[in-house]
Amino acid sequence: MFLTRLLYASTASEQFKPLDIEDILTKARKNNGKLDITGMLCFSNNYFLQSIESSRANVNELYHKILNDKRHSNITLLDYKEISEREFGNWSMSYVPDTSLTASLNLRFSESSIFNPYKMSGESAHKMMLELRNALHNVT
Ligand SMILES: Cc1cc2nc3c(=O)[nH]c(=O)nc-3n(C[C@H](O)[C@H](O)[C@H](O)COP(=O)(O)O)c2cc1C
């Protein structure tokens with residue numbers, strides 16, 4: 001089964017409470033670890049940006065679950081492609097808090113210094129996540 005990567009943007013809904021992020025990450029890490037799903041989740045400015053990598057079947061199945069999750073809305077597919085290797089292979093779901101999404105990083109990959117993944121191309125969003133991943137590598 002081919003390796004696939006999916007990127008989407010979404011907006012935290014009224015049902016989302018700040019503590020939900022812990023719940024989402026705990027569940028994601030538990031489920032993803034069992035299914036060889038890897039990736040990264042960013043949350044800032046009430047927006048989510050997530051990259052998911054795994055087999056096509058696993059990516060599609062998870063995306064369906066995510067689409068039905070009432071804690072977010074306006075879920076918009078930014079990119080979906082077959083890939084030859086994983087970029088987030090060390091993480092069942094890496095988390096990027098809003099302090100890492102600096103004004104200069106946003107300005108480099110989008111039209112504004114304020115994080116808004118709806119205004120990013122799939123390619124820019126992916127490249128920004130690679131920068132964030134590399135920064136994580138440098139501190140750990
Ligand atoms: C922004 C966001 C990201 C999520 N990411 C994941 C994920 O990477 N993996 C996962 O299993 N669930 C993720 N979830 C949770 C799913 O929507 C769903 O609640 C969960 O997969 C259900 O797991 P269960 O079938 O084991 O109960 C995410 C939810 C949100 C709102």
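How many residues surround the ligand, and which are the closest? I looked this up at the start. There are 15 residues around the ligand, and the closest are Asn 31, Asn 32, Gln 50, Lys 65 and Asp 69. I note here that the model is a predicted one.

**Entry: the ligand and its shell**

I asked which elements supply the shell. Helix 1, strand 3 (47-55) and helix 2 (56-67) each give at least two residues to the shell around the ligand. Helix 1 provides the largest share of that shell, with five residues.

I then checked the pockets. The ligand takes up the space of the largest pocket.

**Entry: polar side chains at the ligand**

I went through the polar atoms facing the ligand. For Lys 27, I found a polar side-chain atom 3.1 Å from an oxygen atom of the ligand. For Asn 32, an N or O atom of the side chain is 2.9 Å from a nitrogen atom of the ligand.

**Entry: Gly 33**

I turned to Gly 33, which is part of helix 1 (residues 20-35).

Leaving out neighbours within four places in sequence, I found Gly 33 in contact with Ala 28 and Ser 92. I also looked up a C-alpha distance. Gly 33 and Met 93 are 60 residues apart along the chain, and their C-alpha atoms are separated by 8.7 Å.

**Entry: Thr 38**

My last stop was Thr 38, which sits in strand 2 (residues 38-44). I wanted to know why Thr 38 counts as buried. Its relative accessibility is 8%, and buried means under 20%, so Thr 38 qualifies.

Which side chains make polar contacts with the side chain of Thr 38? Another, at 2.9 Å, joins the side chain of Thr 38 to the side chain of Arg 86.

I then listed what Thr 38 touches, not counting residues up to four places away in sequence. Glu 53 and Arg 86 are on that list, which also includes Ser 51, Ile 52, Phe 88 and Gly 89. Trp 91, Ser 92 and Met 93 are touched by Thr 38 too.

Conventions:
Residues numbered from 1 in each chain as written. Predicted model: local features only at pLDDT ≥ 70, side-chain atom pairs only at ≥ 80, totals over all residues. Heavy atoms only, no water. Helix = DSSP H or I, 4+ residues; strand = E, 2+ residues; numbered from the N terminus. Buried < 20%, exposed > 50% of the residue type's maximum accessible area, 1.4 Å probe, protein only. Polar contact = N/O pair within 3.5 Å; in protein donor to acceptor, adjacent residues only side chain to side chain. Contact = heavy atoms within 4.5 Å. Near = heavy atom within 4 Å. 1 Å grid on protein atoms, 1.4 Å probe; cavity = no way out; pocket = protein on both sides within 12 Å on 5 of 7 lines; lining within 4 Å. Sits in = over half its atoms within 2 Å of the grid points.
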